[in-house]
Amino acid sequence: MKKDILDRYEKDADGSVIVHISAQNIFEIYNYFDRASSFSKKDLNEELVTYIIECVNEIDSERFVLKFNFIDGIDDDGKEKVSKSIKSYFTYLQVLEKEQMHRQIKNAFILTILGFVFIFVSLSIESFKDKFFYEVLSEGVMVAGWVSLWEAIATFLIKWLPL
């Protein structure tokens, strides 16, 4: 299956997969609202980012190059600016992903601690078995503890893996 996908792409002399990207001019690859920023700080067009990420996911671990074709043409200075801005933008996305991973891990640890605290409180309240109110409260706190633990486990097993 992977070979069929790779056959859809051209390869350069080094064997790297070529991802072709065409646009009318250099400004089409950037976010319209970011046009006043310097090239190294411009956000890329979301459709372009999605396209690049989908292509890279398709080719998996193969080496690749992005080959831009601008219908209006581009000078050497523009090529350098595009190259640096693409690298800069994907480095920025990588930093954002790492920060999100750290936040999720931190939240999962907090939820784990809270879950165990709730379960401990529930077991402590359970010692007052004479009162119906304490039994209901104990069960409610126990459920809150398990929900908290489940959310922490789900973060590690489900939410964190795609990042």
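Mentor: Let me begin with a term we will need throughout: two residues are in contact when heavy atoms lie within 4.5 Å. This is a predicted model, in which local features need pLDDT of at least 70 and side-chain atom pairs count only at pLDDT 80 or more, while totals for chains, interfaces and linings use all residues. Residues are numbered from 1 along each chain as its sequence is written, and side-chain values use heavy atoms, with hydrogens and water left out.

Trainee: OK, how many helices and strands are there in the protein?

Mentor: The protein has four helices and three strands, where helices (H or I, at least four residues) and strands (E, at least two) are DSSP runs numbered from the N terminus. Along the sequence they follow the pattern α-β-β-α-β-α-α.

Trainee: And what radius of gyration does the protein have?

Mentor: The radius of gyration is 26 Å, whereas a compact globule of 163 residues would have one near 15 Å; the value is taken over C-alpha atoms, and the globule rule is 2.2 Å times the number of residues to the power 0.38. The C-alpha atoms fill a box of roughly 85 × 45 × 20 Å along the principal axes.

Trainee: What share of the residues is buried?

Mentor: Buried residues make up 25% of the 163 residues, with buried meaning under 20% relative accessible area, exposed over 50%, and partly exposed in between, using a 1.4 Å probe and protein chains only. Among contacts between residues at least 6 apart in sequence, 66% join residues at least 24 apart.

Trainee: Switching to charges, how far apart are the mean positions of the positive and negative ones?

Mentor: The mean positions of the 19 positive and 26 negative charges are 4 Å apart. Lys and Arg count as positive and Asp and Glu as negative, while His and the chain ends are not counted, and each charge is placed at NZ of Lys, CZ of Arg, CG of Asp or CD of Glu.

Trainee: Now the inside: which residues touch the most other members of the largest nonpolar core?

Mentor: In that core of 20 residues, they are I29, Y30, L44 and V82; a nonpolar core is a set of buried Ala, Val, Leu, Ile, Met, Phe, Trp, Tyr and Cys residues joined through side-chain atoms within 4.5 Å. The elements giving two or more residues to this core are β2 (17–23), α2 (46–59) and α3 (76–125), and α2 gives the most, with five residues.

Trainee: What is I29 in contact with?

Mentor: Leaving aside neighbours within four places in sequence, I29 is in contact with A23, L44, N45, L48, F68, F70 and V82. With the same exclusion, V82, which is found in helix α3, is in contact with I26, I29, Y30, F68, F70 and I74.

Trainee: Why does V82 count as buried?

Mentor: V82 counts as buried because its relative accessibility is 5%.

Trainee: Where does L44 lie?

Mentor: L44 lies in the loop between β2 and α2, and it counts as buried because its relative accessibility is 1%. Beyond neighbours within four places in sequence, L44 is in contact with I29, Y30, N31, V49, I86, Y89 and F90.

Trainee: What about K42, is it buried or exposed?

Mentor: K42 counts as buried, at 4% relative accessibility, and its place is in the loop between β2 and α2. Apart from neighbours within four places in sequence, K42 is in contact with Y30, D34, R35, A36, S37 and Y89.

Trainee: And which helix is S138 found in?

Mentor: S138 is found in helix α4 (residues 132–159), and it counts as buried because its relative accessibility is 1%. Neighbours within four places in sequence aside, S138 is in contact with S122, I125 and E126. S138 and I158, 20 residues apart in sequence, are 29 Å apart in space, C-alpha to C-alpha.

Trainee: Last one on the backbone: what phi does D60 have?

Mentor: D60 has a positive phi of about 60° although it is not a glycine, and D60 is found in the loop between α2 and β3 (64–70).
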